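Have a look at the model first, and then follow along.

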Amino acid sequence: RSMLPLFFVSSMTLTARPSPLAPLLHHPLLPPASLNLLSRSPPRMSVESPAAGKAVAPSGDFTPPPPTSSLAGAIALVAGTTVGAGILALPAKTLAAGIVPTTGTLLASWVYMASSGLLIAEVNVNTLCALERSAVSLSTMTEETLGVAGSRVSSLAYVFIHYTLLVAYMLQGGTLLLELGAALPPLAALPAATAGPPLFAALLGGALLLCPPAVVEKVNAVAVGGVIATFGLLLGLGAQQVDPALLAHVDVPAVVPAIPVMVLSLVYHNVVPTICYQLGCDLPRIRTAILAGSAIPTLMFIAWCAVILGSVPFDAADAAVAAGG
């Protein structure tokens, strides 16, 4: 319940009698509406003028961590995290609906996911400064807002989801690695199913472990740029096959089954605490990174769906099923 008022940010500090929530209640970035919900007694209000967008500790002597990354690097991290296998599933799920309902629903999904990311960032910065730490995780945020039981449930769900994703990407990454290295005799002799994933994990994990964070950020930015460039070339080739008549097809109810895929395709929230730390708790820059970083994949998804839905008849799936039957 206390997360809903975080849509609003105030520059006013509340002073109340000590309570178990005192560190959070006295934080100047925490909005008054949420404090009234949490406070045990009517607080007195005093106006302060902290630096706009910068977190200030309740005691006044805590300094947030300095920025360790650039804004462009943070945007690339959000965009690179968002782009995934969902882009392959979207055209199949939206083929019957048409490009107009698909575009509108994708934009609505982006608004929802961007808003939730901004809320997580607000909670992260407020919790970080209330606890006077250099960084806080999703588990710590959940514990401070929902208690120990909520933190444990959240942590189990987080580990399960990301473990399954890690396994899936390691399996596919290992297969691709051995396919690319098939010309090398040592790699060609290895079984792809058993040797590929461990080799991929060792190479990639070792590189992430040994390389400095600045190098990892630059490599990630270059990789994201490469994805966007190759995606643009692919769109250019596919646009030549687009039939405007197919783009005119509209079936709004048919887009409903695609909504879960759209939402899951825009997930990046696991890196929001990292973004907050890398940008030194600078909320305006954090918001820019989240909005821009999530908007880039959204536009990519819309463009990709436009090319596919404009090239394939909307009843192709039903025709294929009928032919197979």
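**Entry 1: the aromatic pair**

I began with F231, which is buried, as its relative accessible area is 11% (buried means under 20% relative accessible area, exposed over 50%, partly exposed in between, with a 1.4 Å probe and protein chains only). W304 is buried as well, at a relative accessible area of 15%.

A note on the source: this is a predicted model, where local features need pLDDT of at least 70 and side-chain atom pairs count only at pLDDT 80 or more, while totals for chains, interfaces and linings use all residues. Residues are numbered from 1 along each chain as its sequence is written, and side-chain values use heavy atoms, with hydrogens and water left out.

How many aromatic pairs does a search of the whole structure find? I got 1, where rings of Phe, Tyr and Trp (its six-membered ring) pair if their centres lie within 6.5 Å, and planes under 30 degrees apart count as stacked, over 60 as edge-to-face and the rest as tilted. The pair is F231 with W304: the ring centres are 6.1 Å apart and the planes stand at 50°, so I logged the pair as tilted. F231 sits in helix α9 and W304 in helix α13, so the pair ties together parts that are 73 residues apart in sequence.

**Entry 2: the salt bridge**

Next I looked for salt bridges, meaning a side-chain nitrogen of Lys or Arg within 4 Å of a carboxyl oxygen of Asp or Glu. The count came to 1. E122 pairs with R287, and their closest N and O atoms are 2.8 Å apart. E122 lies in helix α5 and R287 in helix α13, so this pair ties together parts that are 165 residues apart in sequence. I found E122 buried, at a relative accessible area of 7%, whereas R287 is partly exposed at 28%.

**Entry 3: helix α4**

Which residues of helix α4 (residues 86-94) are buried? My list reads I87, L90, P91 and T94. Seen down the axis of α4, they fall within an arc of 90°, so they line one face of the helix; the arc is that of the directions from the helix axis to the C-beta atoms. L88 and A92, on the other side of α4, are exposed. I then checked what covers the buried residues of α4, and the cover includes α5 (99-131), α9 (213-239), α11 (259-265) and α13 (283-309). Contact here means heavy atoms within 4.5 Å.

**Entry 4: helix α6**

Leaving aside residues up to four places away in sequence, S151 touches S139, T142 and E143. Y158 also lies in helix α6 (residues 138-180), and its 34% relative accessibility makes Y158 partly exposed.

**Entry 5: the whole protein**

I counted 14 helices and 2 strands. Of the 325 residues, 36% count as buried. Among contacts with a separation of 6 or more, residues 24 or more positions apart account for 79%. The accessible surface comes to about 17300 Å², with 72% of that area belonging to carbon and sulfur atoms; I took areas from the Shrake-Rupley method with a 1.4 Å probe, and for residues, only the protein chains shown count as cover.

Terms used. Helix = DSSP H or I, 4+ residues; strand = E, 2+ residues; numbered from the N terminus.
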